[in-house]
Amino acid sequence: MAKIAASVLDADFSKWKTWLPELEKAEVDRIQWDVMDNKYVPNAGVDRQKIAQLRPHTKLFFETHHMVKKPEAQVEEFAKLGSNMFIFHIETTKKPLQLIEQIEDFGMKVGIAINNGTPSKKIFSYLDKIDLALVMTVQAGFGGQKFIEKNLDEVRALRTKIDSQGLLCEIEIDGGVNAQTASKAIEAGTDVLVAGSAIFRHPKGILAAIKELQSP
Ligand code: DX5
């Protein structure tokens, strides 16, 4: 069964008291919060106070996906908001090793993301130091975009590298994931599927949507 991360970027927060228990009942593995700065990506992302608001109401793992130019400036704040894993984009830092250490110092797990167009070899040297490698299957910034299938080549390259070195780093994809694209992603070696619109805009509701993704 594939691990599912529910991306709440486009969720209706006026109804969180309904969908949060549904996500738990559907046994999603984690919630993904998309943090944006209108600089690295042309969008504002989720309202970070929503993280603090929901934190006390669920034990679900929170991963925060930082599509921002200065991720190092957000580490302490998001640790305090209750993030369990801080995912930064390799394209946004000149000092990844320092940032990895800073994130760990604040008690969070570490993820590195590669945006559409960035080759996975750019993060090969960090795979033994991080918990998650995130491959964007859309151009970072918005939900509801079309899946970029060629980016599964980066998943295959990461899978080969991780397995050849016996590493524990998980591979996650994010963007345009639905029941059709999920099966291709799993075949390519993906461990965790991030889905937003495929969950929150599914005609049959959240539970059915997640069931479809867990066994596509
Ligand atoms: C895009 C975000 C994704 C997005 C996923 O930059 O990182 O998490 O919310 O949305 P869907 O699943 O609708 O493509």
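The views show a predicted model, in which local features need pLDDT of at least 70, side-chain atom pairs count only at pLDDT 80 or more, and totals for chains, interfaces and linings use all residues. Residues are numbered from 1 along each chain as its sequence is written, and side-chain values use heavy atoms, with hydrogens and water left out.

View 1. G141 places a backbone N or O atom 2.6 Å from an oxygen atom of the ligand. From the side chain of D174, an N or O atom lies 2.7 Å from a ligand oxygen atom. For the side chain of H65, the distance from an N or O atom to an oxygen atom of the ligand is 3.5 Å. On its own the ligand has 380 Å² of accessible area, and the protein covers 100% of that area. Accessible areas come from the Shrake-Rupley method with a 1.4 Å probe; for residues, only the protein chains shown count as cover.

View 2. The ligand sits in the largest cavity. On a 1 Å grid over the protein atoms alone, a cavity is a set of points where a 1.4 Å probe fits but cannot get out. A molecule sits in a cavity if more than half of its atoms lie within 2 Å of its grid points. Helices (H or I, at least four residues) and strands (E, at least two) are DSSP runs, numbered from the N terminus.

View 3. T190 belongs to the loop between α6 (179-188) and β8. T190 is buried because its relative accessible area is 8%; buried means under 20%, exposed over 50% and partly exposed in between (1.4 Å probe, protein chains only). T190 and R156 are 34 residues apart in sequence, and their C-alpha atoms are 8.4 Å apart in space.

View 4. E27 lies in the loop between α1 (16-25) and β2. E27 has a positive phi of about 60° although it is not a glycine, and its relative accessibility of 58% makes E27 exposed. N38 is found in the loop between β2 and α2 (48-54). The phi of N38, also not a glycine, is positive and near 60°.

View 5. The loop between α4 (96-105) and β5 (109-114) contains G107. With a relative accessible area of 63%, G107 is exposed. G107 and S83 are 24 residues apart in sequence and 9.4 Å apart from C-alpha to C-alpha.

**View 6. E212 in helix α8.** Helix α8 (residues 206-214) includes E212. E212 counts as partly exposed, at 31% relative accessibility. The C-alpha atoms of E212 and A179 are separated by 5.9 Å, and these residues are 33 residues apart along the chain.

Key
Polar contact = N/O pair within 3.5 Å; in protein donor to acceptor, adjacent residues only side chain to side chain. 1 Å grid on protein atoms, 1.4 Å probe; cavity = no way out; pocket = protein on both sides within 12 Å on 5 of 7 lines; lining within 4 Å.
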